[in-house]
Amino acid sequence: MTTFRVNGRDHDLDIDPDTPLLWVLRDELRLTGTKFGCGIAQCGACTVMLDGMPRRSCVTPISMVEGSEIVTIEAIEGPEADAVRAAWTAIDVPQCGWCQSGQIMSATALLQAIPKPTDGDINDAMAGNVCRCATYVRIRQAIHDAAKTLEG
Amino acid sequence: MGVITTRRGFLAGSAGLTLGLMLPLGRGRAQMTVARPFAPNAFIRIGTDDIVTVLIKHIEMGQGPYTGLATLVAEELDADWSQMRAEGAPANDQLYANLAFGLQGTGGSTAMANSFMQMRKAGAACRAMLVAAAAREWGVPAAEISVAAGAVSHAASGHKSGFGALTAAAAKEPVPDDPPVKTADQFVLIGKDRPKLDTVGKTNGTAQFTLDVYRDGMLTVVVAHPPKFGAKVASFDDKAALAVKGVEMVRQIGSGVAVYATNTFAALKGRDALVVKWDDTAAETRSSAQMFDAFAKAAAEGGVTVEEKGDVSVMSGAAKVLEAEYRFPYLAHAPMEPLDAVIEVRGGKAEMWFGSQFPTFDRPTVAAVLGIPVEDVSINVLLAGGSFGRRAQGSAHLASEAAEIAKAAGRDGAFKLVWTREDDVKGGYYRPMTVHRFRAGIDAEGKIIAWENTVANQSIMMGTPLEAMLQGGPDNSSFEGSTGLPYQFGARRIGWARMESPVSVLWWRSVGHTHTAYAVETFLDEVLEAAGKDPVQGRLELLPADALRERGVIEKVAEISGWTGPVRDGKGYGIAWAKSFNTYVAQVVEVENQAGIPKVTRVWCAVDCGIAVNPNIIRAQMEGGIGYALGTVLHSRITLGEGGEVEQSNFDDYPMLRISEMPAVEVAIIASEADPTGVGEPGVPPLGPAMANAWRALSGQIQHYLPIGGAMS
């Protein structure tokens, strides 16, 4: 039995302890905003917040999240997340959209850590998130825009 | 593939207009029928809440048809953008055919081009019916009624209404045969940026893709495919697989061995535990190196002539002859959402949910596998997490695999077929590996007097249900872009050598242009240099005076990039252009030499795609096409090792472009009154050659084998 909290709700699940958090979120909790892209932590589509830090859920066995607090794209909120979403929408960042949950989680985590990131900071924080549509020009722009919004 | 907009095609579509309640098919007076809110037989639905939903006949995989086609309807309907919604149209050949193909499917960057008049006529017909209904209800002449931003009004009487309140009355009005549409100067929405209809759902996790579909009692299925192309199952042992908790059954199907489980992780564990022996009798066992040698030999032999002007034997009188051989590897499309499909079979009927790009082939294929009438197969076309050609399958192999899984289960139920990234990277349907062979002769004045180019690769269409479309001719998609060049070369001969292999191939974002633009535009750059010409000026001199759109994008990109030549302040600059899918794109790339590694810092892009329906989407597609192409030129190759097995498996050894590698991009859209053409693919072809030209100018290194990273390693 693994006990953990997702988006403010407690869960007790009797499940194969090796099961990646990604598939627990999707198959068991039906939180499908978190996406599968590679399964080996190479693309970032599955990024969630685990105890406040961005984490690749595809390589995180459920046994590792005992007692943890997880937040997914469906529930992430706060000044940084709100600013990121607004900036993403304002310039229509997504194309196919599959990677964007992960991009938004990583961008939110970046702004929580560095309120006014440089292009180099953005490269460091976002290079783990692949976008096959290559929306990178707009991702970069939206992060700068969100940072400006947060500055007030 | 040409774009032919037929009147018949328009009528077939627009006659099924739905206003709140369904209108019957066929012309004449509309009748009230029982509302079936999701019965998909038309393009437009207007609810009593004023919401206008447009059924989009093209799959949305990131290129913007939901927004683009809804814009066309909204324009002629005079709707307000805030009341517009878009929904994927289901599989139905009669209602939702692509007028460029005559069948239902998305590809060849045709969505906007083939829909431009059809969707506007549909919107105009709907508007006319709303106006007629208002005229009847208010007892005023229709000619005095105006519509703007979703409001129908009559100034003299003060009557005013939204669309929703008029739907019941409008449903009784006749459907106009051929309603007039606006002239370009009357456009309110076309040509302006507005928020995309699918953005919000893609920022909060609510957008529904295939993998997100869960049906009651559904089993998740993964398939063990043969490691060599053309191999078959010899035998398998499923004892260990069935011992995995959650694995329900294991079945042999045509494409391999399927493992069914109650959740994804159990299915994957079960497949890992499976022991399969493969029969390699008919398999491709050559390595890429061996295949390249065979392809190069065939290219050197000249292939069959697919285009010829003048007599290339004048080459023997040239002052200088240049030769080159190019090698392009297989490429996987690697859409971020790996292939997947959900199928539910109950009582002899099948319903599917997936990113079907060619419903025309998918639907009858499923019917044939299951042995049921085609009418008993319904397909809900969902958003796709990218495709780049991968889901456009003449073979319908994914739908077929899903149907086989359902059939092999031997019982009714719902099944979700999931491909992993490894299945995707190793799974074939690649951009064909290709060899180009060139010879060009220049005279003493630097004029190109002869140009020879032979292409050797597999055909995408031959041997598939699409072969009939070739009408006995060669597969143009194998060499398009090598043929049809507007350059005034003197004599030319283009040859094609068709290669064969069990490795499956498919169109890959911009198809033949993925390699022809690179080969032609880099080889030409070398020839121009040998002739002492500037890359921009040299190209313009080769183009006839009436090649206005070609000249237009080249001149524009030279202007916005401040072109002064191939090297400036220690940076390299290269230009290339291509016409693909009737859209003209030229790009200039700026490259820096970072310790021997090319670093692309800026890209300028000029695009002429006719009327710019949504400039923001056009810019986005150019930016994305540039990034897609850059990652490919730098990193991408699928290779077969000794014995024929694919050497790559996931993003660790088939790397994607990262944000840190993405250049700044500036896009200029050429103002035009020509009918719109596509933008999903045409941003891709010029980037590779422009980059290689810049890098050659800066470093002196010639890149005839791709990827550049591969050539360096």
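Which element gives the most to the lining of the second largest pocket? I found that α7(B) does, with five residues. My model is predicted, so to speak for its rules: local features need pLDDT of at least 70, side-chain atom pairs count only at pLDDT 80 or more, and totals for chains, interfaces and linings use all residues. Residues are numbered from 1 along each chain as its sequence is written, chains are lettered from A in the order written, and side-chain values use heavy atoms, without hydrogens and water.

The second largest pocket holds about 1200 Å³ of space (a pocket is an open set of points on a 1 Å grid where a 1.4 Å probe fits, with protein on both sides within 12 Å along at least five of seven lines; lining residues have an atom within 4 Å of a point). I noted 46 lining residues, and the closest to the centre are His225(B), Pro226(B), Ser255(B), Trp419(B) and Gly427(B). Elements giving two or more residues include α1 (21-28) of chain A and β10 (232-237) of chain B.

Next, the helix pair. The axes of α2 (79-90) and α5 (136-151), both of chain A, come within 8 Å and cross at roughly 130° (angles run from 0 to 180 degrees between N-to-C directions).

Conventions: Helix = DSSP H or I, 4+ residues; strand = E, 2+ residues; numbered from the N terminus. Points joined across faces, edges and corners; volume = space filled by probe spheres on them.
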